[in-house]
Structures are given as structure tokens and as C-alpha cells.
Amino acid sequence: MNWEVVIGLEVHAQLSTASKIFSAAPTAFGAEPNSQACAVDIALPGVLPVLNRGAVERAIRFGLAVGATINSPSIFARKNYFYPDLPKGYQISQYERPVVEGGSIVIQVGDTGKTVRLTRAHLEEDAGKSLHEDFHGRTGIDLNRAGTPLLEIVSEPDMRSSAEAVAYARALHTLVTWIGICDGNMQEGSFRCDANVSVRRRGAEQYGTRREIKNLNSFRFLQQAIDYEVQWQIGELEDGRAIQQATVLFDPDTGETRMMRSKEDAHDYRYFPDPDLLPLVIDADWIERERQTLPVLPAACRERFMAQYGVTAYDASVLTSSRAIADFFESMAAGTDAKTGKLCANWVTGALSAKWNEAGHQPGAGPVSAALMRGLVDRIADGTLSGKMAKEVFEAMWAGEGDADAIIEKRGLKQISDGGEIEKIVDEVLAGNAQQVADYRAGKDKAFNSLVGQVMKATRGKANPQQVNEILRRRLTAN
Amino acid sequence: MSTNTPTLKSLSAQLAAGECSSVELAQEYINKINKLNEVLGCFVTVEPELTLAQAKAADEQRRAGQAGVLTGVPFAHKDIFCARGWRTTCGSRMLENFISPYDAHVVERCRDAGLVMLGKTNMDEFAMGSSNETSYFGKVRNPWDLERVPGGSSGGSAAAVAARLAPAATGTDTGGSIRQPAALTGICGLKPTYGLVSRYGMIAFASSLDQAGPMAHTAEDLGLLMNVMAGFDARDSTSLERPAEDYLRHLGEGVQGLRIGLPKEFFAEGLSADVARSIEAAVAEYRRLGATVVDISLPNMALSVPVYYVLAPAEASSNLSRYDGVRYGHRAAEYRDLAEMYRRSRAEGFGAEVKRRILIGTYVLSHGYYDAYYIRAQKLRRLIARDFVEAFRECDVIMGPTAPGTAFRFGEKSGDPVQMYLSDIYTIAVNLAGLPGMSIPCGFDTQGLPVGLQIIGNYFDEARMLGVAHAFQQATDWHGRVPAGAAA
């Protein structure tokens, strides 16, 4: 049976304000439980919320970055439900009129681009945490997180595979960190995804019934959870069972999703406008001020990298996967031609990224600066270093042995590109390997590689391989 | 003015003249409270040590030459205001043992002005009621007739002032909770324009309607307290940022040429004859003083009670969700699981009227009912407010009765919520419109119970309203009468 997967994502991005969205308490992660919850956060009788303008600024920046409408006024609403880590018994959120409406994001799946439409993005406060361990049958409540500002970003159901969903989540993650509204730290819960997943027979017009997978805090879990859920839903349908609307949780240990609550158990949240907060008015000047603070966005950056440095679409999207990488590449490749630009791209996306990963560095960090890398690439471009030698120099640079020129000097790594010198060595090799020469002339191509190897060995790998090839071939056909 | 009636102004003068110290004054009031509170039930909490410490500090301030107008003058707070170190119950078992770790804006302002806090006054539970009968801490008796209610929800404040257990007190008014008890106990009360007094630290009932205000014997005292209570507070997003004003500035200006609007809807069916007679006499007095009278209409006023009983419970149902027994407040002694903890804690912690309103509010906000009730009520609320805008084109102030009758007997209306709700029929529309309204004593019914005259002003017209009330009080002495209950 031919099934189509339909996915929409709701992402909660924690906004990088110093204080909470409705109080002056700090938002820093990892503090002693309940040490960062003030009277407003613990909902003492009589306290009132006051909106943090920093959260609004970040929402505006996001709206501008995705080409959305900034609504004015937008309305804060109360979402009412009881839970021990929800101190007021309601969450202040936005319902009928969110601050950001519409917009879209282009994602890259392989070499093809795809536009994912956004429904909306709204401001809301986070809840606290219930701690079920260490309390011997009781539950501890930590309200440090209560009141942390969130931007909930809701997509249209535009994704058709887990790969697209992950590409979208990554693109969004890149964007919110790129424009500096979210630190993107998924381990600390700064960027969490809920996935609405349904399947339908290919060609069907109606969407299938969806199930929502809650709280996925890594791209890997996002992919695994969707893949499992899709297979489960297809299995159910093929066995003749209908899908019931439900909220499910993903268990990373089993790799399965399990039902948390069915539609029947769904809360009636009794949304209504919060009378403690005025409608949020955002005038054109404010929007303009935020526009001024926006950096060049990843999409524009990607286009420019392709045009200016001749990098491929794929490499361009890797290079713009974070502002740190893009900035590194940019300062490394500054002022070069397309040939060197491509070399720079290869080094950043290849060896450097591997090193950063391996060492657990943020992209761009570590012992090798962009200027050092540029010094290396320039020596490759001018023929001083072969690819293999460049690897060696890079390793030495990473180990802190200085810049490329110093390492080349110290290790005597200079490539031999002097035609006369190489010819001399080639002649010596040919003279000493009569058998291989005969084999080659008898049509055994393998013998050629062996001769190249002899030349490289004789030069301790320093001969320019291209020149060696040319000269060797010329000599062998000439005589 | 009877010499039996100490006002903020007269006490301030005594202190300034050195006729007594703040400590002596506070002790005198503490003695009176000790003597009468057991019968009257005005105060939920008194802390003589805290009071005397404040008084002592005020005396020291005076000696240092830093006394303000109200430094060292005693008064009381309705138990809806959080006061640091004081038990703050809101009239509920839910908060029976809640000691506030912080000061409400109003409490802070009063403290800064040097006012000495005598205690926290009784009130209807979470300010839901018009008779003070819903308080967990027992009934408050009306000093004019101990078998009758003082009105509510600020019944403790009203009775305390009427019985001379405090020269003045704070109150809050969501649908009439300052004005109606002021009327029923023969004192003055002002509900300011919504947003003029910060709600920070004032326990919420219905956020879009709640407003704090002063209760005292004279318009002048109300003005003195308004000068302290009003003002912008960044901690309340609905607080209005306006230049400071002197609420006493129109005192003594008289009412020559004042246009008084009398809404015909205020004098229709349901108004007791005694009350009508007193109001008419008061209006006649104003005419005598130079005012003119205009007949006006507030056509949508009849809708104000039903609109209010959709919107106020809706907001309350959400505002009261925080009382879940998790972090503070009452928690049931035994429960099997979380759901039962919630259920029992709230079942035990809240009284019947609070539960009724939570149920109503939850219902009107529910999926499928929201549009029919909440949205509709919001639309009607705007119509009601527009009626006043129209009316104020023709008049400067609106006058009428504060309540349809005088103080009723305990139990007389508590079995019939709708009858109880109708006690606020003349006051609720003012909250829905966000306008300032006040009540001043203007006579007595045939049983000797006080009648209140309601004065409604345009937005931010408090100073003028106080001037209008003051003119009446210069010409009459209703506000100086002392109930027998105060002399016991």
C-alpha cells in the first residue's frame, strides 16, 4: 500500500532573555531548585505579571526573519489547567491573536529546497518541573523554570517525511540561534519539538487523524519517534483499525511511542484574555528598530556563498548551519576566488567540522583560527602542499605547532613542483624498474601506478603528484 | 461634626499639635478594638505589638521633624491586602494561616506615609458577597443594629469605621464592595477610576473590575487617603501612568452650577421608599446649594447584574486556581493522589459562595459556552460603558441610591443568591464601565438605619466628586452621627 506521511511541528524555543517573561527573576539554567522563583513565579496571592519587552523584541525579530506578519495588538490569554508545577493554575499564553502570524522557512533536503509554511508563533511562559525521583513516593516541585519565556513556533502540516521534519527543525534551530533569540541548547530544553504525525493514502485529499508526539529534545529522537509512529499508524490502518486522535510520548529506550492521553481526556483549557495584561501593541517604529538589529539571514548568506565562492548548494547549507560556522568560513575565505573558496568550504565542512565535533568544541572554536586555516589553504592553492601534506600540516596546526608556513619549513614538507627536478627523479626510477616499464608498454596499466608510487617514495611524498603523472606518461610514450 | 467622630484630619492636627502621641492614639484604638471587636467582628487580625512598633516609629519620625500629614495616624486594612509579616486571609479558610512575605502597593504607600496599621478587617470570602456573611471568620455586625449585616464585601472596614474602631480603612470594590457597605453603615467610601490605584498585592477576585479605595467619615478624609493610595505602579500592567494630583484641590469650591444627572433607572422598581425619600432630600439639598438637576437614562443598566455575574466569576474561576494546596494555603490532611489532594483541599478551603462562583465561571468559559456567555457579556459591557459616556455629555456627576435598601438582617438574603446579587444593582455598572463612584451618608430610614447617596463621576473626576461630597457634608451632619453600637 502506498502511504503519504504528513507532519507538522510545534517547536518551543526558549528566548534568551536574562529575566523571565512576566517577572524579574533570572532565567539561568541549573540553579538550586526554587532559588530563581520570585513571588510572581510562585503565584503568591495578589501578584501580577508584567511583560518583559526583551521577549517581545525576540518574537518580532523572529517574525521578521521568517517574513511573517507582526500582529498589533496581540492578546495574552490564560490557558487554564491544574498541575503542581503550574503555579497559577493557568499558563499565560497567546491564543486567538498571536504576536507572529504566517511566514515560511526554506529547508534543504539533499540538494533540493522546500518551503515550509508557518502558521504562527506566540509568546508564552514555561511551567516549572516536577521531580519524581529522590523523594520516596513523593513529588518535588522546582519552579526555577516557571515563567521562562518561550516562543511556540507552529508549522503548517507541510512535511512529508521524518527527514523533512528533521531538516525543518534544524533550519529553525539554525535560524533562532542565528538571530540570537535562543541559545538552542537542546539538552537543557531550550529547543523542544512536538510532532503532529498522520498518514493518508497517496492521492487522498483529507488528512488522516493525527497523533501528537510530545517533547522531543533531540533531532535523533525526532526522527526515530516519527519513523516509529508512521510505521505504527500504517500498521494500524492496514490491519483495518482507525487512528484515534491522541497525545503520545516517545521512549528513547524502547524507540517506541506510547499514548499519554486520548482525545476524550483532552483538557478544556477555557482560554480567555488575561485581564492582568493589556493588549500587546507593537508600532512600526519598534518593528523597524528590531529590523536594524537583524544580521544577514542564513538563506541570504547561503545564496552569497554560492555566488561569491562557488560552493555547492549542499556545502552552502552546511556552512550556514550556524552563524559561528558561517562567520568562520567567511573570515577564512574573505577576498579569495572561487577555487580557493571551494577549498575553504571543503576544509570547513570536512576536517575542521570533524575536529570541532570530536573535541566537543562549538563550531569555530578550538586552537585553529580562520586566519591559520587561510594560511594553509593558500599553500594548497599555490601548489606548495599536496592534499596529503596539507592534512599533516593541519594536524600539526591543531596540535599548536604554529602557522602553515612555519610547519612546512620545520618539517621540510614543501612540495617539489620544479619540473626539472621531478624529471631527473623520474628518469632514475625508469632506469631502475625496467620490468614495470616493459609491463606498462605491454598494456598493463597497473604498472603505471607502481611507477608513480616509486617516484613519490623517492621524493618522500613531496613531489607534486599531478606533475609526476604528466612527466611519467610523457617519458613512457616518448621512448 | 460631632466631637465623637475623630477624623484623619482631626487626628493629624492633634498629633501635629502635640496633644497626644501616636503610641497613645494607637493604644486608645487597640483598647476600643479589644472591647468591641468580640461583638462586632470587624477585625480578623490585630497585632498590637506590630501596631505599637509602627506608632513608635511614627513618633520618632515626628520628633525628627520628618512627619507628613498622616504620620502616626491609625487606620485599618481590609484583609485582602498582603502586608509583610501579617496574616492575610482574604476572609477564607484557604488562607487562614498565610503570612504574607511581601507588601501590597497600597500597603507600601500607606506605610511610607507613616499611617499606623491597627489590623486587618473582616470581609466576605475572596470579596465575594454583599453582607460579609461569607467570611470564614464569622459575621460582622452593623453598629447601627447588631442584628443586621454591615454590607460587603468590605464589611469589616465599614463597620470598624462606623463603630469608631478606626478613623478610616481601605476597601476594595469589584461590584460595589466599598460603596454598598459604606451606605449600610453610614460612612463614606470611594471606588476610584479603574487603574488609579495599583492592584499589586491586592488579592484578585475579578481583575478587570477590582479597584482599591478609601473608606472614612468625610470626603476630605477620603481625599487624604487618595493622595496616599493613588499613583502609578509598574508592577501592575493595568496601572495608569498619570501625573500625581491633589485630591483635595476642589474641596470648598461649592456646587454652584453643578449639573447632577438622575438616571431614571435608579428610581424604578426595587428601590425602597425610605431610601428614595432620603436620596430625593439629598438632591434637594444640592439644589439649594446651587446645583441643577438633569434627567438622564442609562438604558442598558438592567443588564449590568447578569453581565457582571458572567464576567466576574469567569475571571475569579481562573484567579482562584492558584489556591491548590501545593505551595501555600490550606491542604487537606489526607488524600490518596493528586486529584484528591486538589479536590479535598479546595472543597475544605473554600466556602459555598466562592464555590458557586468558581462553578459559574468555569461553566461560562467552557468550550461551546464561551461565545454565548463570556463574549456576549464583554459586548454588553461596552454598551453599558457607552451609556455613561452619553450621560456625561449632559451632566457633571450622576447621583442616585448606593443600594436599593438599608442594612438587612443576617440570613435574610443569604439563602437567595439572586436577591443578594441585587443589593449591588446600582453599583455594578460603575465597575463595568471602570468609572469612579462613591457613597456618602445622606439620611436614615424609619428604623434608624443609614442611607447612602451614590455619586458617580466621569473618568479621573475623583477630585471634583470629593468636592461635591464635601459641599454636602459642610451643609449637613449625617456623616457625624454615631451609632449606638459604637458606644457599647
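Author: A helix axis is a line fitted to C-alpha atoms, and the angle between two helices runs from 0 to 180 degrees between their N-to-C directions. The model here is a predicted one.

Reader: At what angle do helix 2 and helix 3 of chain B pack, and how far apart are their axes?

Author: Helix 2 of chain B covers residues 22-40 and helix 3 of chain B covers residues 48-63. Their angle is about 155 degrees, and their axes lie 8 Å apart.

Reader: Are helix 2 of chain B and helix 3 of chain B roughly parallel or roughly antiparallel?

Author: Angles over 145 degrees count as roughly antiparallel. Helix 2 of chain B is therefore roughly antiparallel to helix 3 of chain B. The crossing of helix 2 of chain B past helix 3 of chain B is right-handed.

Reader: Which residues make the contact between these helices of chain B?

Author: From helix 2 of chain B come S22(B), V23(B), A26(B), Q27(B) and I30(B). Helix 3 of chain B brings P48(B), T51(B), L52(B), A55(B), K56(B), A58(B) and D59(B). By class, the contact has 7 nonpolar, 3 polar and 2 charged residues.

Reader: How many residues of chain A are in contact with chain B?

Author: In chain A, 25 residues touch 35 residues of chain B. On the chain A side, 17 are nonpolar, 3 polar and 5 charged.

Reader: What does chain A consist of, in helices and strands?

Author: Chain A has 15 helices and 15 strands. The domain assignment divides chain A into domain 1 (3-289), domain 2 (295-411) and domain 3 (419-478).

Reader: How far apart are the centres of domain 1 and domain 2 of chain A?

Author: The distance between those two centres, over C-alpha atoms, is 36 Å. Domain 1 of chain A puts 9 residues into the contact, and domain 2 of chain A puts in 10 residues.

Reader: Which elements supply the side of domain 1 of chain A that touches domain 2 of chain A?

Author: Strand 6 (104-109) and helix 2 (162-178) of chain A each give at least two residues to that side. The largest share, 4 residues, is from helix 2 of chain A. This side of domain 1 of chain A holds 5 nonpolar, 3 polar and 1 charged residues.

Reader: How is the overall extent of chain A read, and what is its radius of gyration?

Author: One way is to set the radius of gyration beside that of a compact globule. For 479 residues such a globule would have a value near 23 Å, whereas chain A has 29 Å. Another way is to take the span along the principal axes: the C-alpha trace of chain A covers about 95 × 55 × 50 Å.

Note on methods. Residues are numbered from 1 along each chain as its sequence is written. Chains are lettered from A and ligands numbered from 1 in the order in which they are written. This is a predicted model: local features need pLDDT of at least 70, side-chain atom pairs count only at pLDDT 80 or more; totals for chains, interfaces and linings use all residues. Domain bounds come from an automatic or database domain assignment. Two residues are in contact if their C-beta atoms, placed from the backbone, lie within 7 Å. Ala, Val, Leu, Ile, Met, Phe, Trp, Tyr, Cys and Pro count as nonpolar, Asp, Glu, Lys and Arg as charged, and the others, Gly among them, as polar. Angles under 35 degrees count as roughly parallel, over 145 as roughly antiparallel, 65 to 115 as roughly perpendicular and the rest as oblique. A crossing is left-handed if the near helix is turned anticlockwise from the far one by less than a right angle, and right-handed if clockwise. The radius of gyration is taken over C-alpha atoms; the globule rule is 2.2 Å times the number of residues to the power 0.38.
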